[in-house]
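The following exercises are to be worked through with the structure at hand. Each task is followed by a solution in steps.

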Amino acid sequence: MEPATMAWTLAAAGFALVYWFVWVMGAAEVQGKRAVDLQMGSIADDKVGDRYSQYWSFFRSPKETAAAATADKVPAFVDTFYNLVTDIYEWGWGQSFHFSPSLPGRSHREATRVHEERVADLLEARPGKRLLDVGCGVGGPMRAIAAHSGSDVVGITINEYQVNRARSHNRKAGLDAQCEVVCGNFMAMPFPDASFDGAYSIEATCHAPRLQDVYGEVFRVLKPGGLYVSYEWVTTPLYRADDPEHVDAIHGIERGDALPGLRRQDEIAVVAKEVGFDVVKELDLALPPALPWWTRLKMGRLSYWRNSLVIRALTLLRVAPKGVSEVHEMLYETAHHLTRGGETGIFTPMHMVLLRKPATAAE
């Protein structure tokens, strides 16, 4: 072999090796999850395809589904959704399953941390306070808020696999004494009345068929005078139900994110008052001067095909379970709908409401 050819061959092999160990095998603490460790939560490998088909069938027409008196089935399918997507989210996104406004000169990781620490500041969190994370996922926000504020945080998620992932991350971060995670439905929480000083939810209550059920439970477990902040997924006043492109984008978001129907922006404060909260502040954090939150989703075709090829190869080698490719494709398509929602302004994932339980509220 000619020296030049050998040099190019060695360089290509070296690049491939570096790519494999840095991007594919990359440390879970940095990337969230390694590609070679992708699972479908607690779903057995031979059941992934069936569960995905059941999920897709249920959420094909989310608003019609909820209206057909099947809202009681939503929690189980949300649990299925997070079994399907949690590892892919961690691999491609990290440990915080939410969006944040872009910040000039700052990385996505830094923007995420700032967005999470804002919650702690709004809640006036500090050492000695006990906070509730409503829909905590694998606990990225929980750890950021606990570290920033010194408060103790209890998270609840409906998915047992996420509970185990969150506990593992808490131990690795040295925050397991400060952060606790329980498995449960946030519409019927296993906590005593008036047991938390503050509460928050970050892009989580959108999974509830009725927002009243979640807000009512948060109201119950908060101490009188306690604050609750939520980042809500909503349609904005720019959304037009008679515009097919608008409808397609919103339904695409609902189908691909296990949502029983997005709420309107003007409904949030109404529901909060209905269950007894005082509305302290309401603001869409996606509006200018905030920079676009959807830029992180605009994955180039090259990046998409790279990730897709990695997943297909791991599936072929039986390292990843069969069905991962279909879930990855669904999430890529959903990212397209989310981007359209952001660019047209008809959707925001960060309508913020700061609520207070009245100090005189009867338990």
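**Exercise 1. Determine how the axes of helix H10 and helix H13 are arranged, and which residues make the contact.**

Step 1. In this predicted model, side-chain atom pairs count only at pLDDT 80 or more and local features need pLDDT of at least 70, while totals for chains, interfaces and linings use all residues. Residues are numbered from 1 along each chain as its sequence is written, and side-chain values use heavy atoms, with hydrogens and water left out.

Step 2. Locate the elements: H10 covers residues 244-256 and H13 covers residues 324-344. Helices (H or I, at least four residues) and strands (E, at least two) are DSSP runs, numbered from the N terminus.

Step 3. Two packed helices are described by the angle between their axes and the distance between the axes. The axes of H10 and H13 come within 8 Å and cross at roughly 140°. Axes here are lines fitted to C-alpha atoms, for helices over the stretch in contact, and angles run from 0 to 180 degrees between N-to-C directions.

Step 4. Classify the angle: under 35 degrees is roughly parallel, over 145 roughly antiparallel, 65 to 115 roughly perpendicular, and the rest oblique. H10 and H13 are therefore oblique to each other.

Step 5. List the contact residues (contact means heavy atoms within 4.5 Å). H10 contributes Glu245, Asp248, Ala249, Gly252, Ile253, Arg255 and Gly256, and H13 contributes Met330, Leu331, Thr334, His337, Leu338 and Arg340.

**Exercise 2. State whether Ser151 is buried or exposed, and what Ser151 touches.**

Step 1. Ser151 is found in the loop between helix H7 (140-149) and strand E2 (152-157).

Step 2. Apply the cut-offs: buried means under 20% relative accessible area, exposed over 50%, and partly exposed in between (1.4 Å probe, protein chains only). Ser151 has 0% relative accessibility and therefore counts as buried.

Step 3. Leaving aside residues up to four places away in sequence, Ser151 touches Ala125, Arg126, Pro127, Lys129, Leu131, Ala146 and Gln178.

**Exercise 3. Explain why strand E4 is described as largely enclosed, and name the strands with which E4 pairs.**

Step 1. E4 spans residues 196-202, and six of its seven residues are buried, so the strand is largely enclosed by the rest of the structure.

Step 2. Two strands pair if DSSP finds at least two bridges between them. Strand E1 (residues 130-134) pairs with E4 in the parallel sense over three bridges, and Asp133 stands opposite Tyr200 in E4.

Step 3. E4 also pairs in the parallel sense with strand E5 (residues 222-235), over six bridges. Here Phe196 stands opposite Leu222 in E5.

**Exercise 4. Identify the kind of peptide bond that joins Pro288 and Pro289.**

Step 1. The bond between Pro288 and Pro289 is cis, with omega about 15°.

Step 2. Pro289 is placed in the loop between strand E7 (278-284) and helix H12 (301-316).
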